[in-house]
Amino acid sequence: MALQVGLIAGLLFATGWTAAAETLNPQDGALLAPAAATALLHQCSRVSPKDFQGSWTPAAQQIRDLESALPAALQAELKNYPRIKLDSAMTVRQYAGLVLAGHKIIYVNALPRSHAINPNLPPMFLPDWRYKADMVCDGGPGFFGVEYDPATKRFAHFAFNGPFR
């Protein structure tokens with residue numbers, strides 16, 4: 001029941017995008033409950049997952065597998081966008097188990113740490129990113145999403161938000 005109300009803490013993002021062998025910081029991410037996860041399907045500044053049929057809760061090992069491969073996958077994708085520079089130490093992630101066209105994927109919703117965790121702002125002004133899907137229109141490429149297939153352990157459909165305005 002607590003999982004459906006909250007998230008699985010202790011599962012999430014990287015302390016650096018530059019090396020695949022880096023250890024990921026469990027404080028930098030959250031596995032969203034299925035009810036919250038579906039809100040990630042409504043992005044306003046990037047393509048979001050299609051053919052949604054339901055949600056599911058990924059196992060801890062599936063999240064660990066994703067995390068171990070994400071830094072290298074992101075770096076490989078960023079070679080296609082030489083102007084985009086991302087620092088994972090400045091990014092946090094939300095994970096959501098989605099069923100798309102009959103296939104289970106884990107959707108990664110990444111956002112800048114300064115958007116989610118800012119010591120200069122009172123907590124009431126910060127998004128509740130550990131429990132609620134966070135979406136920003138535009139905001140720049142520090143906000144991005146990607147689909148991970150736990151069966152094949154591959155990433156697909158990286159999508160970055162639009163520019164700052």
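**Figure 1. Accessible surface and overall make-up of the predicted chain.** The chain has an accessible surface of about 8,300 Å², and carbon and sulfur atoms hold 57% of that area. Accessible areas come from the Shrake-Rupley method with a 1.4 Å probe, and for residues only the protein chains shown count as cover. This is a predicted model, in which local features need pLDDT of at least 70 and side-chain atom pairs count only at pLDDT 80 or more, while totals for chains, interfaces and linings use all residues. Residues are numbered from 1 along each chain as its sequence is written, and side-chain values use heavy atoms, with hydrogens and water left out. Of the 165 residues in the chain, 50% are buried (under 20% relative accessible area; exposed is over 50%, partly exposed in between; 1.4 Å probe, protein chains only). The chain contains four helices and seven strands, in the order α-β-β-α-β-α-β-β-α-β-β along the sequence. Helices (H or I, at least four residues) and strands (E, at least two) are DSSP runs, numbered from the N terminus. Among contacts (heavy atoms within 4.5 Å) between residues at least 6 apart in sequence, 67% join residues at least 24 apart.

**Figure 2. Strand E6 and its two partner strands.** Six of the six residues of E6 (residues 144-149) are buried, so the strand is largely enclosed by the rest of the structure. Phe-144, Val-146 and Tyr-148 point one way from E6, and Gly-145, Glu-147 and Asp-149 point the other way. E6 pairs in the antiparallel sense with strand E5 (residues 103-112) over five bridges; strands count as paired if DSSP finds at least two bridges between them. Within this pairing, Tyr-148 in E6 is the bridge partner of Ile-106. E6 is also joined to strand E7 (residues 154-160) by five bridges, and these two strands run antiparallel. Here Gly-145 stands opposite Ala-159 in E7. The hairpin of E6 and E7 has four residues between the strands, and Lys-153 takes a positive phi near 60°.

**Figure 3. Surroundings of Ala-96.** Ala-96 lies in strand E4 (residues 91-100). Its relative accessibility is 0%, so Ala-96 counts as buried. Beyond its neighbours within four places in sequence, Ala-96 is in contact with Leu-31, Ala-37, Leu-40, Ile-105, Ile-106 and Tyr-107. The C-alpha atoms of Ala-96 and Tyr-107 are separated by 5.1 Å, although the two residues are eleven apart along the chain.

Figure 4. The structure holds one cavity of 30 Å³ or more, and the volume of the largest cavity is about 30 Å³. On a 1 Å grid over the protein atoms alone, a cavity is a set of points where a 1.4 Å probe fits but cannot get out, a pocket is an open set with protein on both sides within 12 Å along at least five of seven lines, and lining residues have an atom within 4 Å of a point. Grid points are joined across faces, edges and corners, and a volume is the space filled by probe spheres set on the points. Residues lining the largest cavity include Gln-43, Arg-46, Asn-109, Asp-134 and Phe-143.

**Figure 5. The largest pocket.** The largest pocket contains about 150 Å³ of space. It is lined by 13 residues, of which Pro-49, Lys-50, Leu-100, Glu-147 and His-157 are the closest to its centre. E5 and E7 are the elements that give two or more residues to this lining, and E5 supplies the largest share, three residues.
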